[in-house]
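Me: Could you walk me through reading a few features of this model?

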Amino acid sequence: MQYYRQLVARVYSSETDTWGNSISTEASDGTLFGHRTSTLVGNSLYWPAKHKGNDIVEFDLRKQNLTVIKGPRGMNMNDFDNFHIIEEQDGSFGLAALSHLKLQMWQRKVDCRGVVIWSLRKTVSLRELLKIPRTVRWNEWLKLVGYDEDTGVIFLAWHDVVCMVQLKSMQARKLHGTGSTYYCYTFASSHPLGTTIEGGANGAEMLG
């Protein structure tokens, strides 16, 4: 967790059992980072700020470069439950964000003048997609609680209900028996061809 403007990163090599040199940059005053795992997009890792501003830390693994970039203007990035850094379909860096009962898909790209901008690519009604009852208001504990980089799936929760949404197809599925959920950690389970996981199919299956 980082409370200071100075951000420092070091790369550890398991092959040589050594740490690389310190790589540093500065964030905005009072910015807090922590409590959220990084997201790998291409050759870079990304971490969002928490509670103040819209800073996002980018660490380029190939160039060994640490920089701070800004998120979309006017987007609520004061709470990790409202957004998640994602990989777009073309492999670029993007954000999935909650706005009332809507899911906004933001993409960071370069315009015709060579300027890096944020573009609101898509807005989806979560009330329709997740079949949220009309009695549920937009501010009743709706949270973005997880993201799986390999499959492009996000996890949304309200009260004791968790749904997984495939961002490319915008297909949703409710997960049963979840109970109270604060964050979802995903992993993949694989097994040899010709064998099965109980209740699953041949190959690999993503579990949340």
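Reply: Start with accessibility: buried means under 20% relative accessible area, exposed over 50%, and partly exposed in between (1.4 Å probe, protein chains only). Cys112 is exposed at 84%, whereas Cys163 is buried at 4%. This is a predicted model, where local features need pLDDT of at least 70, side-chain atom pairs count only at pLDDT 80 or more, and totals for chains, interfaces and linings use all residues. Residues are numbered from 1 along each chain as its sequence is written, and side-chain values use heavy atoms, leaving out hydrogens and water.

Me: How many salt bridges does the structure hold?

Reply: Count a side-chain nitrogen of Lys or Arg within 4 Å of a carboxyl oxygen of Asp or Glu. There are three. In one of them, Lys70 meets Asp55 with the closest N and O atoms 2.5 Å apart. Lys70 is in strand E9 and Asp55 in strand E8, so the pair ties together parts 15 residues apart in sequence. Lys70 is partly exposed at 43%, but Asp55 is buried at 2%. Another joins Asp111 to Arg113 at 3.4 Å between the closest N and O atoms; Asp111 is buried at 18% and Arg113 exposed at 68%.

Me: Which strand does E12 join through nine bridges?

Reply: Strands are DSSP runs of E, at least two residues, numbered from the N terminus, and two of them pair if DSSP finds at least two bridges. The partner is E13 (residues 116-125), running antiparallel to E12. Arg108 has Trp118 in E13 as its bridge partner. Five residues separate the strands of this hairpin, where Gly114 takes a positive phi near 85°.

Key: Helix = DSSP H or I, 4+ residues; strand = E, 2+ residues; numbered from the N terminus.
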